[in-house]
Amino acid sequence: MHLRHPLSFLVTLLAFASTSCGGTPTEAVADAVKNQPNAKAFAQLFPASEHFITHYTGAKGPRVWNSHVLLHERYVLAMQFDMALAADGVKVTATAPPKFFLREVTSVTVGPSRQSSILYGESVEFGPDEWK
């Protein structure tokens, strides 16, 4: 087989390899909750918390770790930090200190299509020192 543009083929192959990971977002989240210190501490303190990675592949934007939990049915506490993902697509490493956000939920409306709308009131942002 003759390739007319071997360089473009190679660039395409390298781009695909750099955005595809061996693991899955679910595996990365599970591993981070078990092994990444900030994620692990948040999950232990708030067992009902949820966790996810924004831009898991890194192709559409920076990877960001997210943990959040509903407190007293009125507040949402969230933690975020910039992160790197190992070549295996599973190991999460923080690349910046975490940021914390506490937001007051002022209203929740569920529409006829079962879609919800949440309005937030006051919000407070703080860092690791205040968290401790």
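A residue is called buried under 20% relative accessible area, exposed over 50%, and partly exposed in between, with a 1.4 Å probe and protein chains only. The model on display is predicted: local features need pLDDT of at least 70, side-chain atom pairs count only at pLDDT 80 or more, and totals for chains, interfaces and linings use all residues. Residues are numbered from 1 along each chain as its sequence is written, and side-chain values use heavy atoms, with hydrogens and water left out.

**First stop: Phe42 and Trp131**

Select Trp131, which is partly exposed because its relative accessibility is 29%. Next select Phe42, which counts as buried at 1%. Rings of Phe, Tyr and Trp (its six-membered ring) pair if their centres lie within 6.5 Å; planes under 30 degrees apart count as stacked, over 60 as edge-to-face and the rest as tilted. The count comes to seven aromatic pairs. Phe42 and Trp131 form a stacked one, with 6.2 Å from centre to centre and 15° between the planes. This pair links distant parts of the chain, 89 residues apart: Phe42 belongs to helix H3 (residues 37-45) and Trp131 to helix H4 (residues 128-131). Helices here are DSSP runs (H or I, at least four residues), numbered from the N terminus.

**Second stop: the surrounding rings**

**Last stop: Tyr120**

Finally, select Arg103 and Tyr120. The charged end of Arg103 sits over the ring of Tyr120, 5.4 Å from the ring centre (the rule asks for CZ of Arg within 6 Å of the ring centre and within 35 degrees of the ring normal).

Technical notes
Helices (H or I, at least four residues) and strands (E, at least two) are DSSP runs, numbered from the N terminus.
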